[in-house]
Amino acid sequence: MIAVQNVSMRYGSKVLFDDVTTTFPTGRRFGLTGPNGAGKSTFMKLLSGELTAQKGNVVRPAKLGLLRQDQYAFDALRVVDTVIMGNARLWSALKERDLLYEKADMTDADGMRLGELEGIVGEEDGYTAESDAAILLQGLDIADELHERTVGELQGGQKVRVLLAQALFGHPQALLLDEPTNHLDLDSIHWLREFLVRYDGTLIVISHDRHFLNAVCTHIADIDYETIITYSGGYDDMVLAKTQIRSRLEADNAQREKKIAQLQDFIQRFSAGTRSSQVQSRRKEVERLETTALARSNIARPYIRFQMNRPSGRVALECSGVSKAFDGLEVIKGFGAVVNRGEKIVLVGRNGMGKTTLMRALLSDAPNLTPTPGDIDSGTIKWGHEVSVGYFAQDHTGAIRKGMTAVDWLHQFDPDASRQDIHGLLGQMLFSGEEGLKPTDALSGGETARLLFCRLMLQKPNVLVLDEPTNHLDLEAINALNIALQKYEGTVFLVTHDQDLMEEVGTRVWHFDGHTAITDFKGTFEEYEAASAK
């Protein structure tokens, strides 16, 4: 169990949460939710002990599993050793035991200590540690041949999965996972989901994957109104319950504000007259109401709407014989397809199977994008009549020019648009007021993603190519994107591991099976899974 008592955290004038007291009992699985900037990662660091609360204290179990964010801290270590380090007591005993065995002359004290260490190794299942670590790594799609390599030899996404295995290793009493599904493909997400459902300790997880939260969590701890409110059930259950609570809280706020306005009107009218005692009593009542006024919700919902300047021709894309290899290794081989206007294709499959490679090959000579002939080795690609392409790349590096303000960067894509229209579009994506003048150099990952969506809405293309668009978005923004894509009348190519997006947006599936094989299924993702099961 983890217990939080009277904990408060604020940065300057911004209150994240104030005087929070709550418990996270053993056997329950909590999703920690709230919009970007609400304080989710800060609260997780308080629970882990990385941060100390400005007020209050946290009681936590001795054996804590933590998903670490520093991908480079273990570069010099073997992959399997990095996983075993997740059990700090076992790892310490193993290292000390190895040092004692290396001694040429062992004293009686050394022998006694060695016996104690062997006892710890036995208690912590140290004799099967490497095989247990290997099982975790296999479930997270880290191949056996990588287990003996150093972490530094792995790619970024593989490193994250190793750190996730480290957090899960050794059956900790509590698990703290901050965005564990980032960089995981759908198969790995399913494996992790089943693992966590069987886990019998305390789980607290931050995730922007609604489907994952609904499947895993027994409770939701939501950061809002400068406190943490716990709801039973998954994310969707929380949304329903919270709507009712929010209505009640905001009605209370409205009543307070109305009462304060009435009192202040009385004070202004009679402050110079003979009713000074009544004025004074009303001033005190205003102070009381203002100091006890309920905090406002920090929920902010972006509004995404994709429109088209004009529709494309009936056939949006024809391709045949598309191939691409890297260093002699074929990733895409002889792919061909005809895509009709209005189809919404989801590209699914394990990481490294070629989803992004195919997208980039198709875009190598796409309308209104810079040609990239190096992204395709062979094949023919013909984009349809009047096609205009809007592209959201998985890697945002260099996508937004530095040294400009957000509003100036956006304005260059439609110089005829008024500044008021540009600011209105930015406001839809939560760049309110002066935030539109924020330097592009200072944008966070989430702000960069939201600004790129502003560009797509401004350009109004009739084909959207979106490669992992939900990275850096909070749940409110992902839900807004989901609705926008369902309503969009153009053609969509979508790479995502968000199962709700796959199921609710896609009308066609390209499944990457490995070894250059791509299954083209004309139907929804749910229909594809049902057909595959048969």
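The structure is a predicted model in which local features need pLDDT of at least 70 and side-chain atom pairs count only at pLDDT 80 or more, while totals for chains, interfaces and linings use all residues. Residues are numbered from 1 along each chain as its sequence is written, and side-chain values use heavy atoms, with hydrogens and water left out.

The secondary structure of the protein chain comprises 17 helices and 18 strands. Helices (H or I, at least four residues) and strands (E, at least two) are DSSP runs, numbered from the N terminus. The C-alpha trace spans about 95 × 85 × 50 Å along its principal axes. Of the 534 residues in the chain, 49% are buried; buried means under 20% relative accessible area, exposed over 50%, and partly exposed in between (1.4 Å probe, protein chains only). Contacts (heavy atoms within 4.5 Å) were also examined by their separation in sequence. Among those between residues at least 6 apart, 67% join residues at least 24 apart.

Side chains of opposite charge can pair when their charged atoms come close. The structure holds 32 salt bridges, each defined as a side-chain nitrogen of Lys or Arg within 4 Å of a carboxyl oxygen of Asp or Glu. One of them joins E130 and R78, with the closest N and O atoms 3.0 Å apart. Because E130 belongs to helix α5 (residues 129-139) and R78 to the loop between β5 (64-66) and α2 (79-84), this pair ties together parts that are 52 residues apart in sequence. Both partners are partly exposed, E130 with a relative accessible area of 41% and R78 at 23%.

A salt bridge also forms between E504 and R210, where the closest N and O atoms are 3.0 Å apart. E504 lies in helix α16 (residues 499-505) and R210 in helix α8, so the pair ties together parts that are 294 residues apart in sequence. E504 counts as partly exposed at 34% relative accessibility, whereas R210 counts as buried at 17%. The side chains of R97 and D98 meet in a further salt bridge, at 4.0 Å from N to O. Here R97 is buried, at 16% relative accessibility, and D98 is partly exposed, with a relative accessible area of 35%.

D209 is placed in the loop between β7 (202-206) and α8 (210-216). This residue is buried yet has no salt bridge, and the nearest side chain of opposite charge, R210, is 7.5 Å away. In this assignment of charge, Lys and Arg count as positive and Asp and Glu as negative, while His and the chain ends are not counted. The side chain of D209 reaches the backbone nitrogen of F212 at 3.0 Å. When residues up to four places away in sequence are not counted, D209 touches T181, I189, L475, H497 and D498.

C454 is located in helix α14 (residues 445-459) and is buried, with a relative accessible area of 0%. Although C454 and L426 are 28 residues apart in sequence, their C-alpha atoms are 6.6 Å apart in space. The contacts of C454, not counting residues up to four places away in sequence, are with L410, L425, L426 and M429.

In D19, phi is near 55°; D19 is found in strand β2 (residues 14-24) and counts as partly exposed at 38% relative accessibility. In N368, phi is about 50°. N368 lies in the loop between α11 and β13 (378-383) and is exposed, with a relative accessible area of 56%.

The second largest pocket holds about 620 Å³ of space. Its lining consists of 24 residues, of which R360, Y391, F392, A393 and D395 are the closest to the centre. At least two lining residues are supplied by each of α11 (355-362), β14 (389-392) and α14. On a 1 Å grid over the protein atoms alone, a pocket is an open set of points where a 1.4 Å probe fits, with protein on both sides within 12 Å along at least five of seven lines; lining residues have an atom within 4 Å of a point. The volume is the space filled by probe spheres set on the points, which are joined across faces, edges and corners.

Key
A polar contact is a pair of N or O atoms within 3.5 Å; within protein, one must be able to donate a hydrogen and the other to accept it, and residues adjacent in sequence count only if both atoms are side-chain atoms.
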